[in-house]
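Dear colleague,

Please find below the structure that I am handing over to you.

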Amino acid sequence: MPTPPLQENPGNLIKSTPLPPVPSWQGTSSSHIDRRATLQKRIGSIYQSLCAPEFVSSASKIDGAFEAIEQLKASIQNIGSELEKVPAISVAMLGPSRHGKSTLLNALAGCTMLPTSDVKPCTASIVSLKREDDWGFRIEFIKKERLERERARAVQDAVDYLKRSAKKMMGDEQPDDPHYLHSTLERFIQLFGIDSNLPPDQLIQEVHTAEIPDAVQRLLGQKATPKSNDLQQMERIVEKYLSTKDIYWTIVSECEISGPFENWHPNLRLVDVPGTNDTDPQRTAITNQLRETAKAVAICTSDSNLGNDIQSWLRNSSVLGNFLEATEQSRQHLFIIKTKLDSVHLEIDESQIDPNDEGSEQRVFRDALELHKQQQTESYREMFRRIASPLLPVGDSKEQRQTRDEMLKRIDEINVVFVSAPAYEAFEGRLVGLPMQKRRYIEFFGGDKEATGIPALHDFTNEMAETYLAEFYYNDMERQLETEVDRLVRFFRQQWTTLDAQLSGGSQAIAELVDEIDQTIVPWLESSVAKGIRSFKELAGDSSQGITTQLQSTAASIDALLSQRQAKWRHYYWNSIKAACRKAGIHTTSRGEFMDFNQDICSLFVDDLILSWTTYRETCIRSSTQTIADDVAAELLMKLDLAASRTDVPAATEAIDAIVTNLSTIARSKLDDLRREVDAAIQEVESIRKPAYQAIQEQMQQTYRIVQNESGTGCQERMRTKLCDGAGANVQSMWAKVNGMISGAVGGLESKTVASMKQYGDSASGELRKSVSRLREIGKTAQRDVMLRQMESVRETVLLLWNSLSEVGDLVVETAESEIIDVAAAAPALEAPANSPATSPAASATEAEATVEVGEPARIEESREESDSSTAVEETSDSASGSEEVSHSATETPTDESPAEAPGADGSSDSPHWLKVMCETTTYLVQKDRAGRSAPADDLVIRILETLIDHHGKLTLAALAERVDVPGFRLRGMLSAVQRILNLDGQQILQIERTSDSVELNETLMRQEFSL
């Protein structure tokens, strides 16, 4: 049954002053803003406002308000919980010892915090640096049990080596480290202060029997946090515990240094790890652990190539495979830092130097240096391409070509940063050395500190951290918060405008819209989602078949593939095999070769599956789900707009716009929920390599234990044989486990996606039906005084909410001072929304309206009548198109000014001159002529563009509609017409983003394309 409309009395048709628009929020993407702290402040302020007694009392008088408010509270709490999980962005500084990593970190920190040396490794632990307001130092020492266990193991290895050396029975079993004995005992020789020149047997005996020094004994198993406000004292404390010149590095597990480092992102954590060519088992185990967990790896080298140790690590570890396979959110960011730029030997053509030009020599030098950088960058990337070539798909199918091109593109995007840390330190006055040395550094870079590359590296790491957090955390959280707040505001606006329309003669039109939504649009939505799920299941079935086929192919060739790996293992020396088995299958030899038995087995299982898996994950799951959901959401908005556009009752226009906008906001919110759920499901099983690797490492543990216990004459051959036999005996059980894991991941991901899509359909249709039900309840209200009281409650509640949101939108936390600042007061361009009682040009006309007290219906009636007497209803049409245009009603514009001329309505009184100039350019006129009858009026284009520019180039459709005074359901068509003029040759100057239901203007590109 259609909803019975309120009996309308034409003599009582009254127009009301509109409610204020949704408050604008200051963006937080600026580099000086701590986005995490800002979001925490904002959600705390909003939650406090929602719990304020005055707001709760006012909202309690509005039907459905309690549920809407509680929903926003729950969303705020969820966002707060997610903020606690925002990770630190760890960048592992990886590279050989004595290639300048510690000097580089000192330059970035702006102080001589880490010990440096040109003789031996200067740091032997994981040392991380992060920004805090105060200096701090957290250090963790290993336990005594571990120290004694590692000493006993070192002594046993040394004794075994010495026995075989004495019998001269080594044969081809010489270790691959010519200094094996001292490398094995080095750490304990320094810890116990033993003379390294003692005869071997006496040296071993001294290490075995030495007492642990009291100063060391007290620290074992402890965690210390020494603090100091004095930088020099802090530097001395750090050097004491980390420098290899002292004994304490031998017992340090890891440490973290924090302080007020300048130009340092608050979430950035730089980590100095032991060198890749370090042979100490404890330190190499620490290095391997961090390689896998860091968000980014900076490969530091002073050489013109990557070095055998780094190339071996990239070739034999899983890091490059994960880099090529992982999703954008989880992929490690790889980049190269070429240190010691001041030591390069440039090829300079002296004939290019003009003896009569003082600056000629410097320019030629700069050109040669830039050419060197370009050539070196390409050289490094070519090395990466060669190393990655076994991981690239080799077929010629469309999917294989696309995947291969995408992987190569990722390699080509690997950044290379060239730096000279000593030169930067010379500029800063911190370099310790002769004055002539300092002068040489400064002269090499022509007195330009920026040329040392350290400032550029600062900017690069900060931008990397900010971009990662923005793309995968903050942008989504901010959009989610603003969408949920927007839903509450739209709910109140819908209540107000619907009541207003009931009083003003628009009840029949609203009733017809409500019936169409309930009886046609919602059933269509439910049917479309069900159809989308069926389509997804068919696509998922076809895509998963490719994985099944590849699994069958791999199963048939496992034994042959394993024999290739075993042949490589038979060339490893006994000491390296033993060291690798002690560290769960991973080791770096003294020659810089990286060994990883687990990855050798894992690669034969999963390398050929990567293409099928990533295609399934990205194309089938993520892309198809989003496409289906986006298409449904887009068609839903079109159906709502079409239903709204059928009304020609001016009194109902604003109410219908509010209803459609509110329902659109609900649909968008549910679509965002679906995306997050699908992304979360993908994150759980995004990589098949990592879980496969862990399963293999588990299965191989027994073999590793057997191999590492081998010793004595002939142990090398026995180790090789038992390692190969153990892998052969376990390969089928390992394959069965990995096979089941992959099949389970495929099926589980499909099931979770289907469940998420069904939840999307159920929740979206449920929310729409709830909203329709509330509108029907409003339609049943027939008593005028009751509606007036309800409107009064809505207005009071909205004004309370608007005031709190206006304050929230201007809350930001600066990174440097960590204090709240009022951006609106500091920057004139960041204003409160138009029509604000405090800032609107028509403030004097609306101030009384904004301060209406509760409980006086007569006053709102009187205010409505006064507003009606001073309100002009104006219709605008486009003479060029001859088609229907927008009908402006109930505005604040005085009758003697058109909307295009009213200051504050569209801003044309201070409109940038270049927008008008653009509309007169030949390019614009040609585009407008091509658009023909559908071309929008210039004043409309200027109004839209200026509004976007005033709000930093981006607004939601609803906010833009309010600010240009156009109903939202008509704005979409207008924007399409504007796009046809502005988007030259497919350039995305003006975009409508489905994900955020927002409009974005690229002002720079527009100026460029229209030659302004």
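Predicted model: local features only at pLDDT ≥ 70, side-chain atom pairs only at ≥ 80, totals over all residues.

Strand β3 (residues 136–141) joins β4 in the antiparallel sense over 2 bridges, and I139 has A224 as its bridge partner in β4.

**Salt bridges**

The whole structure contains 46 salt bridges. One of them is formed by E150 and R187, whose closest N and O atoms are 2.7 Å apart. Because E150 belongs to helix α5 (residues 144–167) and R187 to helix α6 (residues 180–191), the pair ties together parts that are 37 residues apart in sequence. E150 is buried, with a relative accessible area of 16%, and R187 is buried at 4%.

D515 forms a salt bridge with R776, with 3.0 Å between the closest N and O atoms. D515 lies in helix α18 (residues 507–556) and R776 in helix α26 (residues 715–779), so this pair ties together parts 261 residues apart in sequence. D515 is buried, with a relative accessible area of 9%; R776 is buried as well, at 18%.

**A charged patch**

D448, E450, D459 and E463 form a negative surface patch. Of these residues, E463 lies in helix α17 (residues 454–504) and is exposed, with a relative accessible area of 54%.

With kind regards

Notes:
Residues numbered from 1 in each chain as written. Heavy atoms only, no water. Patch = residues over 30% accessible without salt bridge, like charges linked within 9 Å, V, L, I, M, F, W, Y side chains within 5 Å. Areas by Shrake-Rupley, 256 points an atom, 1.4 Å probe, with all protein chains shown as cover. Salt bridge = Lys/Arg side-chain N within 4 Å of Asp/Glu carboxyl O. Lys, Arg positive; Asp, Glu negative; His and termini not counted. Charge placed at Lys NZ, Arg CZ, Asp CG, Glu CD. Helix = DSSP H or I, 4+ residues; strand = E, 2+ residues; numbered from the N terminus. Buried < 20%, exposed > 50% of the residue type's maximum accessible area, 1.4 Å probe, protein only. Pairing = 2+ DSSP bridges.
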